[in-house]
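This report covers the fold, the nonpolar core and the surface of one protein model.

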Amino acid sequence: MPLGPLLLYLLASMAMALCYGSTFLLADALTEAGFAAAQAGTVIGLGTVATLLGAVLAGRWATPLGILPLVACAAVVMALALLCFAAIGAWGLVAACTGG
């Protein structure tokens, strides 16, 4: 296998691990935004449910849509989720739960 795709896969895996590894910071981020740290569990729980649902849907849609369009759609959804987390100061906990 060529080295280029393997390096992209490695970078993507590292980015994903970094995101999951930083979830312990969510309680501090919610506290700084004026919410209870216990609400981090709600956000993480919704994120887990969304991940499982997304995995099932991605598996169902991979064959009819094709892999590359599905990856592009997933990137757009991930960007929207990060925007929701960034908007927690303006929209409140609803934004974080939507991004989760």
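The paragraphs below go from the overall fold to single elements.

The model is predicted, with local features needing pLDDT of at least 70 and side-chain atom pairs counting only at pLDDT 80 or more, while totals for chains, interfaces and linings use all residues. Residues are numbered from 1 along each chain, and side-chain values use heavy atoms, without hydrogens and water.

The protein has six helices and zero strands, where helices (H or I, at least four residues) and strands (E, at least two) are DSSP runs numbered from the N terminus. Its C-alpha atoms fill a box of roughly 50 × 30 × 20 Å along the principal axes. Of its 100 residues, 17% count as buried; buried means under 20% relative accessible area and exposed over 50%, with a 1.4 Å probe and protein chains only.

Leu 26, Leu 30, Ala 40, Val 43 and Ile 88 make up the largest nonpolar core, a set of buried Ala, Val, Leu, Ile, Met, Phe, Trp, Tyr and Cys residues joined through side-chain atoms within 4.5 Å.

| Helix | Residues |
|---|---|
| H2 | 26-32 |
| H3 | 40-65 |

Helix H4 (residues 67-86) has 20 residues and reaches 29 Å from first to last C-alpha, close to the expected 28 Å, which is 1.5 Å times one less than the number of residues. Leu 70, Ala 81 and Cys 84 are buried in H4. They lie on the same side of H4 because they cover an arc of only 55 degrees around the axis, taken from the directions from the helix axis to the C-beta atoms. Leu 68, Leu 82, Leu 83 and Ala 86 are exposed on the other side of H4.

Leu 8 lies in helix H1 (residues 3-21) and is exposed, with a relative accessible area of 60%.
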